[in-house]
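Welcome! Here is a friendly briefing to read alongside the model.

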Amino acid sequence: MWRFGGLLTALSMGMKKRFYYAVKAGRKPGVYATWDECKEQVDKFPNASFKKFGTEDDAWSFVRNVESSSQATSTGDAVAVYTDGCCSGNGRNRARAGIGVYWGPGHSLNLSERLPGRQTNQRAEIVAACRAIEQAKEYNIEKLVIFTDSMFTINGITKWIKSWKCNGWRLSTGESVIHKEDFERLDKLTSDINIEWMHVPGHAGFPGNEAADSLAKDGASKPPC
């Protein structure tokens, strides 16, 4: 179960109405009992998405429910997703790579797939981000926050790709960009959607990243596409 800080407890609030603070895009997405807890997650966080609700169920629906995000985007909200890729035996003939896309606990869009084509860790990271964006577009999501532990993917799509294009998809050394096709795919997908790239340290206890990693590992165990 994906659980974050600010666990809610059943406290007697007397006649005072209780509110639940839902963080969809923040340092640690989840549902919080107080505004101070919520503020810690969203204060100065790029494109933070949060709302106050009268019931805990409604709050969690806001955090998890991608299907209703077309309405959320119209109010400036963003949807958060975690992506990850993995590869056992990376660089070897029998390498097995998988991709994972994590939208939330028990979410119908959570994805675990075997990486098609060349089996490498870096390809898996890029393609995982591509799959998340493709899913987001299917549900008309206009603003997406992608959490990934791959700085290679983030730097590639936000910085290096400009030079690669100008240089005919060649590195400063003159060598060809190995991941040209994957970055071309990612570049095309990001051209008409608002993407905020967020780096999260891998294997550092972040629940969303750990869940995406688990999905990627499951994908790597599946038969080749």
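Let's start with Phe50, which is partly exposed at a relative accessible area of 35% (buried means under 20%, exposed over 50% and partly exposed in between, using a 1.4 Å probe and protein chains only). This is a predicted model, in which local features need pLDDT of at least 70 and side-chain atom pairs count only at pLDDT 80 or more, while totals for chains, interfaces and linings use all residues. Residues are numbered from 1 along each chain as its sequence is written, and side-chain values use heavy atoms, leaving out hydrogens and water.

**Aromatic pairs**
- A search of the whole structure finds nine aromatic pairs (rings of Phe, Tyr and Trp, the last by its six-membered ring, pair if their centres lie within 6.5 Å; planes under 30 degrees apart count as stacked, over 60 as edge-to-face and the rest as tilted).
- Trp35 and Phe50 make a tilted pair, because their ring centres are 5.9 Å apart and their planes meet at 40°.
- Trp35 belongs to helix H1 and Phe50 to strand E3, so this pair ties together parts that are 15 residues apart in sequence (helices, H or I, of at least four residues and strands, E, of at least two are DSSP runs, numbered from the N terminus).
- Tyr82 and Phe147 form a stacked pair, 4.7 Å centre to centre with 20° between the planes.
- Tyr82 is buried at 3% relative accessibility, and Phe147 is buried at 4%.
- Ring pairs also join Phe152, Trp160, Trp164, Trp169 and Phe183 into a cluster.

**Nonpolar cores**
- The largest nonpolar core has 35 residues, and those with the most contacts inside it are Trp103, Ile133, Leu144, Leu186 and Trp197 (a core is a set of buried Ala, Val, Leu, Ile, Met, Phe, Trp, Tyr and Cys residues joined through side-chain atoms within 4.5 Å).
- Elements giving two or more residues to this core include strand E4, helix H5 and strand E8.
- Helix H4 gives the most to this core, with nine residues.
- Apart from this core lies another of 13 residues, among them Ala78, Ala80, Met198 and Val200.

**Helix H6**
- Which residues of H6 are buried? They are Asp182, Phe183, Leu186, Leu189 and Thr190.
- These residues share one side of H6 because they cover an arc of only 120° around the axis (the arc is that of the directions from the helix axis to the C-beta atoms).
- On the face turned away from the buried side, H6 carries the exposed residues Glu181 and Lys188.
- The cover over the buried residues of H6 includes H4, H5 and E8.

**Cysteines**
- How many disulfides are there? The count is zero (a disulfide is a pair of cysteine sulfur atoms within 2.5 Å).
- The sulfur of Cys86 has its closest cysteine sulfur in Cys87, 7.2 Å away, which is too far for a bond.
- Cys86 is buried at 12% relative accessible area, and Cys87 is buried at 15%.

**Confidence**
- The protein averages a pLDDT of 83, and 86% of the residues score at least 70 (pLDDT is the predictor's confidence in each residue, from 0 to 100).
- Confidence is lowest in helix H3, at a mean of 36, and highest in strand E6, at 97.

How values were computed:
Contact means heavy atoms within 4.5 Å.
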